[in-house]
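My notes are in the order I looked things up.

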Amino acid sequence: MGLMKKLHDAFESKDVKAMDQLMADDFIFVRHQSGTQVTKSEMLGWDWWNNDGPTAVMRDFRVIYENNEIGVVHSFNEYFDGSKEALMAVYSIRDGRVTRSETGATPLK
């Protein structure tokens, strides 16, 4: 199983321990809405990881491309507030762990 599929499965199951292992300590997530950067510790501290926390439903997840340096994925996401997006995410990979994630999204009706 590729790293992108492992990351997706951990995200979907809210497995914070697996996410911690899959992300490098210097991991950065760049938010598509604002361009702000979120560190690994900040991301792993989100309410999202609580079973009763907010959630997102990913549909039609697919890995577009993956090698040992980059992963590109696409999905259609529906968020707890009812909003929907087509989401493209690009992951930088080093030593088998994700170091950076940047997303781009198109709002859907």
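**Ground rules**

I am working on a predicted model, where local features need pLDDT of at least 70 and side-chain atom pairs count only at pLDDT 80 or more, while totals for chains, interfaces and linings use all residues. Numbering runs from 1 along each chain as its sequence is written, and side-chain values use heavy atoms, with hydrogens and water left out.

**Overall fold**

I started with the secondary structure: the chain has three helices and six strands. I take helices (H or I, at least four residues) and strands (E, at least two) as DSSP runs, numbered from the N terminus. In sequence order the pattern reads α-α-β-β-α-β-β-β-β.

Next I looked up the dimensions. The C-alpha trace spans about 40 × 30 × 30 Å along its principal axes. The radius of gyration of the chain is 13 Å, which agrees with the value near 13 Å for a compact globule of 109 residues. That radius is taken over C-alpha atoms, and the globule rule is 2.2 Å times the number of residues to the power 0.38.

Then burial: 38% of the 109 residues count as buried. My cut-offs are under 20% relative accessible area for buried, over 50% for exposed, and partly exposed in between (1.4 Å probe, protein chains only).

I also checked contacts, meaning heavy atoms within 4.5 Å. Among those with a separation of 6 or more, residues 24 or more positions apart account for 40%.

**The largest pocket**

How much space lies in the largest pocket? I get about 780 Å³.

For the record, I use a 1 Å grid over the protein atoms alone; a pocket is an open set of points with protein on both sides within 12 Å along at least five of seven lines, whereas a cavity is a set where a 1.4 Å probe fits but cannot get out, and lining residues have an atom within 4 Å of a point. Grid points are joined across faces, edges and corners, and the volume is the space filled by probe spheres set on the points.

Which element gives the largest share of the lining? Strand E4 does, with five residues. Helix H1 (3-12) and the strands E1 (23-30), E3 (56-66), E4 (70-79), E5 (84-94) and E6 (97-108) each supply at least two.

By class I find 20 nonpolar, ten polar and three charged lining residues. Here Ala, Val, Leu, Ile, Met, Phe, Trp, Tyr, Cys and Pro count as nonpolar, Asp, Glu, Lys and Arg as charged, and the others, Gly among them, as polar.

**Strand E4: Ser75 and Phe76**

I stayed on E4, which holds Ser75 and Phe76. Ser75 is buried, because its relative accessible area is 3%, but Phe76 counts as partly exposed at 34%.

Setting aside residues up to four places away in sequence, I find Ser75 touching Met58, Arg59, Asp60, Phe61, Glu85, Ala86 and Leu87.

The side chain of Ser75 makes a polar contact with that of Asn77 at 2.7 Å. By that I mean a pair of N or O atoms within 3.5 Å; within protein, one must be able to donate a hydrogen and the other to accept it, and residues adjacent in sequence count only if both atoms are side-chain atoms.

Ser101 sits in strand E6. Is it buried or exposed? Ser101 is buried, with a relative accessible area of 4%. Beyond four places in sequence, Ser101 touches Phe27, Ile28, Phe29, Val30, Val90 and Tyr91. I put its C-alpha 17 Å from that of Phe76, 25 residues apart along the chain.

Thr36 lies in the loop between E1 and strand E2 (37-39) and counts as partly exposed at 39%. Not counting residues up to four places away, Thr36 touches Phe29, Val30 and Arg31. Its side chain makes a polar contact with the side chain of Ser34 (2.7 Å).

**Positive phi**

Most residues other than glycine have a negative phi, so I looked for exceptions. Lys14 has a positive phi of about 55 degrees, and Asp95 also comes out at about 55 degrees.

Lys14 is in the loop between H1 and helix H2 (16-22) and is buried at 13%. Asp95, in the loop between E5 and E6, is exposed at 72%.
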